[in-house]
Each structure stands twice: as structure tokens, then as C-alpha cells.
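I am opening my notebook on a structure that I have not looked at before, and I will write down each thing as I look it up. The sequence and the model come first.

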Amino acid sequence: MNQQYPSPCPNCGGSVWDNETQCRNCHKYIDRCKRCRAPVHPDRETCARCGAFVAKEPLLQVRTTLSGDNLAGREMVLRVILSNPGNAPTESRYHFSLPEPMEDEISGDGISVEPSSTVERAYNFVPPRPGQYTIPEFEVSYTRTNGEEKTVKVPPVNFRIDGTPVIKISLELKDHEVKLGEEARLYVTVINKGTAPAKNLRFKAFTPPTIHHRETDILLPSLQPDEERTCLILLTPLFDGEHTFEIRSQYHTPATHKGGPELKEISSDRVTITVKKN
């Protein structure tokens with residue numbers, strides 16, 4: 001059984017117990033705190049006994065969360081979470097801008113938040129390059145029952161974006177048709193279109209048994225952003241007909257603030273060479 005306490009009646013000041021719905025002196029009904037059952041005084045917004053919000057008004061609370069890979073060119077998600085632990089519905093509004101170079105405008109107008117409920121809005125954006133970023137402090141305004149505007153300040157969000165390499169491999173045959181006994185010249189071009197260097201790139205040619213090639217297990221120590229390198233592979237077809245092959249590469253990405261280097265593998269498009277009899 002819950003402990004009962006005597007408290008002064010908010011209407012006449014007489015003593016009432018927590019389990020009494022009416023005052024024995026003035027016979028008026030008593031509003032009570034939902035948390036501790038203490039009488040609610042109309043001139044107070046919080047309970048005198050436990051501090052809970054008891055006014056018949058909204059009470060907006062706001063927080064933000066940021067999720068994603070924290071890598072340049074990858075999508076991030078900013079969530080604005082609105083909670084109303086108060087006792088009346090309200091509408092909220094906010095407006096702010098993401099930092100340069102995104103500079104997206106974020107706004108939420110007329111968002112209805114019922115008592116004891118939470119509303120969430122999600123905003124997607126893509127940081128194009130590495131760096132330290134700050135989503136600035138912004139204010140969320142909401143309306144009380146008498147039409148008065150109140151505001152809640154949301155603190156800034158600081159985050160770091162790391163760079164990542166984006167490796168592309170392209171193949172170019174000097175001649176798509178050769179005669180049996182001739183060598184085919186294959187040019188392999190690799191370019192880093194990302195925002196961080198790729199390390200320890202290893203290249204391997206995958207050819208059918210009908211084609212001979214010299215050893216192509218090659219190591220390229222690094223490839224900087226926007227750097228392009230080209231190599232030559234000589235292929236010797238052993239039979240006539242059509243032969244298909246590709247180039248694969250493994251490389252290490254830089255360590256980020258979330259973890260160490262990661263090994264990635266990519267493949268080129270397949271190329272077909274036609275070999276004719278003499």
C-alpha cells in the first residue's frame with residue numbers, strides 16, 4: 001500500500017490526504033500530480049512535492065542525433081526529436097542551415113506534438129569533403145495555451161568527416177581483334193576519384209586458360225586523390241575465338257576516427273578480345 005501524506009488544499013488551505021478526491025472543508029475537487037498524488041496548486045507549474053511539471057500547458061523538449069559513416073561522399077542523417085512531457089498539445093517551429101559546403105536549409109513548421117508524445121523528423125545530407133563541421137545552435141519555438149510563444153535552445157552539434165578513396169579501373173585494348181600468334185596490348189588505367197589516398201594497391205589480371213600473360217601481380221604503394229596511373233599488359237592468345245578477362249585490385253583505405261584501415265577490392269569491366277586464325 002502506497003504511503004499517504006496530508007497536504008494543504010489548494011483552494012481553502014485545509015488538510016487533505018493523498019487518496020481524497022475532494023476537500024472535506026470546501027468540498028471542491030482537487031487536481032493531483034500524476035507522479036506523487038500531491039495536490040496541484042493553480043499558480044505553480046511544478047509539483048511542490050516531487051518537482052514534476054503539472055501545469056495544464058505544453059512543455060517542449062528537443063534533442064538532436066547524428067548518424068552515418070562520417071565519410072566524405074556518404075549520406076548522414078540528422079534527426080530532430082521533439083518531446084512534450086507537458087499536459088497540453090502544442091505546435092513547434094524551427095529553421096536553421098547546415099554548414100558550408102552543404103548549406104541545406106532545414107525547417108519544420110507547424111509540427112503538432114501531443115501531450116506525453118514524441119515526434120521525430122529526419123534530414124539526409126552528404127558532406128562532400130573531409131573536415132570538422134558544426135551544425136549551429138538553433139531555437140525551436142512553440143505555443144502555450146494562451147498563445148504565448150516560448151523557445152527552446154538546441155546546442156550545436158560538432159562532427160568530423162574523414163576522407164575515403166574511390167578507385168576506378170578502366171581497360172582499353174589497342175586492338176579488339178588480333179591474329180593468332182600476335183600479342184594484344186591492354187592498357188589499364190586506375191584513378192582515385194575520392195578524397196583520401198589509397199595505399200598498397202595490388203593488381204591481378206584474371207584471364208582464361210586460353211590466354212597467356214606475363215606476371216601482373218603488381219604493387220602500387222599509393223594513389224593520391226585525383227591521381228591517375230596507367231600500365232601496359234601484354235596478352236598472348238593461345239587459341240582463336242573470343243576470350244574475356246578482367247583486372248582486380250585490392251587496396252587499403254586510411255584509418256578513420258571510428259576504426260583502422262580497411263581492405264577493399266574492386267574489379268574492372270570485362271573486356272573481350274577476338275582472335276582470328278592466320
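I began with the second largest pocket, which is lined by Leu71, Arg74, Gly163, Thr164, Pro165, Thr253, Pro254, Thr256, Gly259, Gly260, Glu262 and Lys264. Before going on I noted that this is a predicted model, in which local features need pLDDT of at least 70 and side-chain atom pairs count only at pLDDT 80 or more, while totals for chains, interfaces and linings use all residues. I also noted that residues are numbered from 1 along each chain as its sequence is written, and that side-chain values use heavy atoms, with hydrogens and water left out.

**Pockets**

I looked up what a pocket is: on a 1 Å grid over the protein atoms alone, it is an open set of points where a 1.4 Å probe fits, with protein on both sides within 12 Å along at least five of seven lines, and lining residues have an atom within 4 Å of a point. The second largest pocket has a volume of about 160 Å³, where a volume is the space filled by probe spheres set on the grid points, which are joined across faces, edges and corners. I found three nonpolar, six polar and three charged residues in its lining; here Ala, Val, Leu, Ile, Met, Phe, Trp, Tyr, Cys and Pro count as nonpolar, Asp, Glu, Lys and Arg as charged, and the others, Gly among them, as polar.

For the largest pocket I wrote down a volume of about 450 Å³ and a lining of 23 residues, with Asp31, Val40, Val54, Ala55 and Lys56 nearest its centre. That lining has eleven nonpolar, five polar and seven charged residues.

**Thr164**

I went back to Thr164 and located it in the loop between β11 and β12 (167-173), strands being DSSP runs of E of at least two residues, numbered from the N terminus.

Next I found Ser92 in strand β5 (residues 90-97), and I marked it as buried because its relative accessibility is 0%. Its contacts beyond four places in sequence include Leu60, Leu82 and Val140.

These three names came up again in the largest nonpolar core, which has 27 residues and in which Leu60, Val62, Leu82, Tyr94, Phe96, Leu98 and Val140 touch the most other members. A nonpolar core is a set of buried Ala, Val, Leu, Ile, Met, Phe, Trp, Tyr and Cys residues joined through side-chain atoms within 4.5 Å. The largest share of this core, four residues, comes from β4.

**Backbone**

I recorded a cis peptide bond from Glu100 to Pro101, with omega near 10°, and placed Pro101 in the loop between β5 and β6. Why did I write this down? I did so because most peptide bonds are trans, and most residues other than glycine have a negative phi.

Ser116, in the loop between β6 and β7, has a positive phi near 60°, and I listed it as exposed because its relative accessible area is 65%. Asn200 also has a positive phi, of about 55°, but this residue is in strand β15 (residues 198-206) and is partly exposed, with a relative accessible area of 39%.

Methods: Buried < 20%, exposed > 50% of the residue type's maximum accessible area, 1.4 Å probe, protein only. Contact = heavy atoms within 4.5 Å.
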